[in-house]
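I opened my notebook to look up a few features of this model. Here is what I checked, in order.

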Amino acid sequence: MNASLARSLAAVAAAVAGIFAALPLANGAPKRDSLIPIDESFYKDPRFVQEFLGEFGARAEVEPTVSPEEMDVFRSVLDLMQTDEEAAKAQIKGILGPNSSAALFVVYGNLLFKQDKLEEARTAYEIAIKKHPKFLRAHKMLGFIHLKEQRYKEAEDHLRKAVTLGDQEPRVYGLLGVCYLRSDDKLGAETAFRQANLLEPDNPQWRDGLLNALITGNKFAEANAILNGILNEDPTNDKYWGMLAASAINAGDQMKAAEAFEVLRLLGKIKPADLRQLGDIYLNNDLGTPALNAYLGLLEQSPSLEVKPALRSAEVLLQFGMTKQASDFMNRLKVKSEAEEVSKEDRLAIRTLEAKVATSMGREDEAADIFKKVIEDDSFNGDALIALGKYLSRRGEEGDFGMAKIYLERAANIKEFEFEASLALGDAFVKRQSYTEALKPLKRALELKTGNKDNLEQHIRRVERAAKLQTSTDGK
């Protein structure tokens, strides 16, 4: 097969495959073969010859008539293409003129298309359409070019026009379905893929397109029926288990999605994003141990440690009150982080969250020791400064308040921590019954607070009353 033809068709196919990959179903976006056949037989396939030469004039409404002289040129060019493509192109270009038929411009455009000269090919097809507005093949080829160049609306217009003019090729319906998906026309996409699938039932790409259209169109029952049928015949097909999980998630059936993800896990085909989602599903259903197992699987599956996603898993466990699971996860994370080189920033983030987990489990002394180590490496770590200040304020041993005040005042000088630090400092003064001193940081916290301020305002009024009472008592 001509190398330039293969490259051109492969590029179109890659562009279309990329469209499928960008659709909303991250789990269900399958790896696809070429949507436009590019094997060695394509060039000599009678359908291609007809596409190239065609029976011009056989259907006057969609095919222009050509002169016998032009038909002779077409046949000569088809033979020449197999030995000297440039000579073939030059032969047609040499006879093109204002009076040339639309068919001649389409053949010239086909040659340019095969050489990936898309702008020139597009111009040739547009001239052909101006000469013969209902030229079916010109609309179809122009649709292919727009699709390759990711101009989906223009591609949709020309492919739909080709269908309107009578094109029944499954490829046209399938690629029209792709365009409809890109424009979020779910019903149009469903209709186009159904027709493509009807005309070419052995092509799984059209079935995949139909599944995407059904799932994004919230027609989960029908999508699941198709998926279950496929998986009954091919139970180890990870692509369709992924699509089943995506369908279940979109339908709000979290545990059905979890089942599909677990099958992918057993097959050894589950992706990191799937494991994270699986863990989240278990958390949402108060299943702490399975959630931990999913997050640990994510931690172990990653070839290199990605600290931020790992910390996110531990934070979610902590937010759901699953402190034991969060602690177990942090222990594994520490081991893996020590076995790999991690940045100072990531190391401090791990220590900070480790201390927060220890605090949640009531191991405050252990947490304080960790926070002190964090501050030794990063004297302006707001999380550690506030946590250590609160700890010392609660403990209340001799000298603790002085250090707590230093830590909290330092944190209050960090913009993103000013509110929390000011509030904590005010409460530390209240705990010592230093009500007058508490008012300044508390009022600063009130200035910084967003959202509902009622509770904080009430708290400040109580402290003001206590301060007045304390002052009057001291004055007697």
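I began with Asp-286, which counts as exposed because its relative accessibility is 63%. Exposed means over 50% relative accessible area, buried under 20%, and partly exposed in between, with a 1.4 Å probe and protein chains only. Asp-286 sits in the loop between helix H16 (272–284) and helix H17 (288–301). Helices here are DSSP runs of H or I, at least four residues long, and strands are runs of E, at least two long, numbered from the N terminus. Asp-286 is not a glycine, yet its phi is positive, about 60°. Most residues other than glycine have a negative phi.

I noted the model's basis: it is predicted, local features need pLDDT of at least 70, side-chain atom pairs count only at pLDDT 80 or more, and totals for chains, interfaces and linings use all residues. Residues are numbered from 1 along each chain as its sequence is written, and side-chain values use heavy atoms, leaving out hydrogens and water.

Next I looked up Asn-218. Asn-218 lies in the loop between helix H12 (204–216) and helix H13 (220–233). Its phi is positive, about 65°, although Asn-218 is not a glycine. Is Asn-218 buried or exposed? Asn-218 counts as exposed, because its relative accessibility is 55%.

Then I turned to the whole protein chain. I found 26 helices and 0 strands. Buried residues make up 49% of the 476 residues.
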